[in-house]
Amino acid sequence: MFDNLTDRLSSTLKKIKGQGRLTEDNIKDTLREVRLALLEADVALPVVTDFIEQVRVGALGQAVQTSLTPGQAMTKLVQAELVKVMGAANEGLNLRAVPPVVILLAGLQGAGKTTTVAKLGRWLQQTQKKKVGVVSVDVYRPAAIKQLQTLADDLSLTFFESDVSQKPVDIAKAAIDAAKRKFLDVIIVDTAGRLHVDADMMAEIKALHAAINPIETLF
Ligand SMILES: Nc1nc2c(ncn2[C@@H]2O[C@H](COP(=O)(O)OP(=O)(O)O)[C@@H](O)[C@H]2O)c(=O)[nH]1
Ligand SMILES: [Mg+2]
């Protein structure tokens, strides 16, 4: 996702390189392209609208330094705003809660959720010295549960069984209880991929989120 966004943004910003100065007009064109790039990268509309407005106000309100070309000035503004939106500090995961700390992975099909569960689990276990359990509530594809199990076995993460006849909320709650009994520090819940336009699946993740109250939800 970030690669696509990077490509789009660089070609957009290249277009105004070499132009004499920032005008209402070429800012408008550039902002339109940046807006499209962000929307194509699935950034939420309110975030995009706010982002564009911030950059626009910054561009119009600020005299371009003589050492910068208009393209560079615009790049700088977009970059500064991106840093602001993404979070200027590199924040760590919040693990200072009563264990087991619950982390929920949500997102699109094929986005890399299951792989991320495994990578995150490994990192927490090896680097952070946490006892980590993983569980899959993807009851739509038996292979998805098996995929997580294989990864968990390879990485020596505690794997909690689930099967497609169970409800996601029940699976997650049972796994959290089991993690408590095993004195695990963290439990990572892998979910089925979903689109925000799928109302049933969105209701499901909402219910799951409400039921297990994760300390972190990663998309
Ligand atoms: N190149 C690359 N491939 C990845 C990465 N993460 C996951 N994948 C691959 O993308 C595919 C989908 O990943 P998966 O974790 O199953 O996605 P999920 O459907 O969201 O659970 C798999 O073939 C993964 O091997 C990554 O960081 N880089
Ligand atoms: Mg998966």
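Which helix holds Met-86? Met-86 is found in helix α4, which covers residues 70-86. The model described here is predicted. The domain assignment divides the chain into domain 1 (2-86) and domain 2 (101-218), and the structure holds 4 salt bridges.

**Domains**

- Domain 1 takes in residues 2-86 and domain 2 takes in residues 101-218, according to the domain assignment of the chain.
- Between the C-alpha centres of domain 1 and domain 2 there is a distance of 37 Å.

**Nonpolar surface patch**

- Val-47, Val-85 and Met-86 make up a nonpolar patch on the surface.
- Together, Val-47, Val-85 and Met-86 have about 250 Å² of accessible area.

- Lys-84 and Glu-81 form a salt bridge, and their closest N and O atoms are 3.4 Å apart.
- Because Lys-84 and Glu-81 are 3 residues apart in helix α4, about one helical turn separates them.
- Lys-84 is exposed, its relative accessible area being 54%.
- Glu-81 has 8% relative accessibility and therefore counts as buried, since the limit for that class is under 20%.

**Salt bridge between Arg-141 and Asp-138**

- Side chains of opposite charge can pair when their charged atoms come close.
- In the salt bridge of Arg-141 with Asp-138, the closest N and O atoms are 3.7 Å apart.
- Arg-141 counts as partly exposed, at 36% relative accessibility.
- Asp-138 counts as buried, at 4% relative accessibility.

**Salt bridge between Glu-204 and Arg-194**

- The side chains of Glu-204 and Arg-194 form a salt bridge with an N to O distance of 3.2 Å.
- Glu-204 is part of helix α8 (residues 199-212), while Arg-194 sits in the loop between β4 (186-190) and α8, so this pair ties together parts that are 10 residues apart in sequence.
- Glu-204 is buried, with 14% relative accessible area.
- Arg-194 is buried as well, with a relative accessible area of 7%.

Definitions and conventions: Residues are numbered from 1 along each chain as its sequence is written. Chains are lettered from A and ligands numbered from 1 in the order in which they are written. This is a predicted model: local features need pLDDT of at least 70, side-chain atom pairs count only at pLDDT 80 or more; totals for chains, interfaces and linings use all residues. Side-chain values use heavy atoms; hydrogens and water are left out. Patches are made of residues with over 30% relative accessible area and no salt bridge: like charges are joined within 9 Å, nonpolar side chains (Val, Leu, Ile, Met, Phe, Trp, Tyr) within 5 Å. Accessible areas come from the Shrake-Rupley method with a 1.4 Å probe; for residues, only the protein chains shown count as cover. Helices (H or I, at least four residues) and strands (E, at least two) are DSSP runs, numbered from the N terminus. Buried means under 20% relative accessible area, exposed over 50%, partly exposed in between (1.4 Å probe, protein chains only). Domain bounds come from an automatic or database domain assignment.
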